[in-house]
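Subject: Structure for you to look over

Hello,

Here is the structure for you to open. Please have the sequence beside it as you read.

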Amino acid sequence: MTATRVLVLNSGSSSVKYQLLDMADSSRLAVGLVERIGEDTSRLVHEPLTGAGAAGGKRERLGPIADHEAALQAVAAELAADGLGLDSPDLAAVGHRVVHGGTRFTRPTVIEDEVLAEIRSLVPLAPLHNPANVTGIEVARGLRADIPQVAVFDTAFHATMPEYAARYAIDAATAEKYAIRRYGFHGTSHAYVSRATAELLGKPVQDVNVIVLHLGNGASASAVRGGVCVDTSMGLTPLEGLVMGTRSGDLDPAVVFHLARVGGLSVDEIDSLLNKKSGLLGMCGDNDMREVMRRAGEGDEAAATAFATYVHRLKKYIGAYSAVLGRVDAVAFTAGVGENAHQVRAAAVDGLAELGLALDQEANALRSQRPRLISAEYARVAVAVVPTDEELEIATQVYELVAP
């Protein structure tokens with residue numbers, strides 16, 4: 001019997017998100033989260049979606065979970081309790097989300113010792129993410145060394161950007177020495193949504209040009225021509241581009257020099273300021289778009305300015321990527337804000353009729369978990385809301401690689 005299950009792991013510095021999928025029909029068997037790893041207040045939430053365990057719904061476990069090895073052992077125990085254990089012969093592979101693949105990794109890759117060493121060598125490019133990804137891989141390999149462990153990279157989808165889009169205009173030798181270029185992130189989401197948008201339009205993906213707007217606490221845009229990424233807003237790190245929950249997005253590089261010379265801030269202080277204390281949070285004190293919109297609606301000037309700045313940056317990227325693509329068939333909104341904040345979608349599209357964009361306001365205001373069109377019938381360019389599914393995208397890429 002062919003093994004068809006894929007366990008998808010997203011290991012953070014103090015958390016592990018997981019989903020078990022059956023690729024025979026792309027169904028989810030279980031989902032869960034372990035958070036606050038290493039603390040006395042660790043929490044595991046597990047939800048079986050099939051079999052006898054599903055009737056009981058979510059299960060929650062509170063109490064210390066010392067490290068990632070203990071976390072994955074706890075996950076394995078929860079899955080085993082539902083008859084979905086990691087020792088099952090139905091488990092074909094474990095897929096790992098890895099944030100940064102540099103220029104070396106541009107497709108899903110089976111993790112051998114050499115590959116793991118190279119992922120570890122990329123830590124300077126993603127110091128907050130790759131170390132945790134490596135830890136998750138090491139622990140999972142220890143649990144099931146007999147099945148493929150596969151890395152799927154956030155940066156991979158954007159590796160198709162032409163050199164002129166990926167390069168920064170700095171000294172070439174310096175850029176090469178320190179691997180400074182634009183890599184892009186949220187790649188699995190952009191890949192999934194661009195393909196799903198083509199399906200929604202009833203066209204082959206190679207015939208569709210789409211601007212994907214992944215709007216969550218982290219946010220990025222991409223220009224996708226015929227299923228191939230030709231530009232994206234995030235760069236060397238996830239700091240570049242759109243205004244985000246706590247990240248500044250695009251910034252004059254001289255701001256960094258000014259903060260160091262005039263403000264006396266250290267490199268670490270500036271890093272923390274731009275990544276953790278900027279964006280919506282820095283402008284108005286809230287990084288939750290729902291709260292920003294509520295406050296703006298009540299006349300809060302700081303929140304209104306933050307919202308306007310967020311939308312202004314979105315409009316700039318829609319316009320820029322319309323120019324990059326030449327012909328745009330669709331603009332697709334996805335992720336937490338993109339899927340749920342109809343006010344953001346309306347504001348981003350407002351005034352872009354010359355680019356062929358117009359909304360059906362009633363369709364835009366409706367809530368749904370399904371992919372849908374929200375553009376006016378007369379609009380030249382479709383506007384879509386497409387719920388992202390990064391776990392399914394990772395599992396699909398993994399299974400295509402390891403399936404017999």
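Below are notes on the nonpolar cores, the aromatic pairs and the cavity.

Please keep in mind that this is a predicted model.

Nonpolar cores

The largest nonpolar core has 45 residues. Which of them touch the most other members? They are L213, L215, M289, Y310 and V344. Helix α11 gives the largest share, 10 residues.

Set aside its neighbours within four places in sequence, and V344 is in contact with L215, M289, M293, F307, Y310, L314 and V337. Three of these partners, L215, M289 and Y310, are also on the list of residues that touch the most other core members.

There is a second, separate core of 33 residues. Among its members are V152, Y192, A330 and A382.

For background, nonpolar side chains tend to be buried together in soluble globular proteins.

Aromatic pairs

How many aromatic pairs does a search of the whole structure find? It finds 2.

One is F105 with F153. Their ring centres are 4.7 Å apart and the planes lie at 10 degrees, so this pair is stacked. The pair links distant parts of the chain, with the two residues 48 apart. F105 sits in the loop between β6 (91-98) and β7 (109-110), whereas F153 belongs to strand β8 (residues 149-153). Both F105 and F153 are buried.

The other is Y317 with Y321. Here the ring centres are 5.6 Å apart and the planes are at 75 degrees, so the pair is edge-to-face. Y317 and Y321 are 4 residues apart in helix α11, so about one helical turn separates them. Y317 and Y321 are both buried.

Cavity

The count is 1 cavity of 30 Å³ or more. The space in the largest cavity is about 60 Å³. What lines the largest cavity? The lining is made up of L7, L9, L72, L86, V94, A140, L143, R144 and Q149. By type, that lining divides into 7 nonpolar residues, 1 polar and 1 charged. Strand β1 (5-11) and helix α3 (130-143) each supply at least two of the lining residues.

Best wishes

Conventions: Residues are numbered from 1 along each chain as its sequence is written. This is a predicted model: local features need pLDDT of at least 70, side-chain atom pairs count only at pLDDT 80 or more; totals for chains, interfaces and linings use all residues. Side-chain values use heavy atoms; hydrogens and water are left out. On a 1 Å grid over the protein atoms alone, a cavity is a set of points where a 1.4 Å probe fits but cannot get out, and a pocket is an open set with protein on both sides within 12 Å along at least five of seven lines; lining residues have an atom within 4 Å of a point. Grid points are joined across faces, edges and corners, and a volume is the space filled by probe spheres set on the points. Ala, Val, Leu, Ile, Met, Phe, Trp, Tyr, Cys and Pro count as nonpolar, Asp, Glu, Lys and Arg as charged, and the others, Gly among them, as polar. A nonpolar core is a set of buried Ala, Val, Leu, Ile, Met, Phe, Trp, Tyr and Cys residues joined through side-chain atoms within 4.5 Å. Buried means under 20% relative accessible area, exposed over 50%, partly exposed in between (1.4 Å probe, protein chains only). Contact means heavy atoms within 4.5 Å. Rings of Phe, Tyr and Trp (its six-membered ring) pair if their centres lie within 6.5 Å; planes under 30 degrees apart count as stacked, over 60 as edge-to-face and the rest as tilted.
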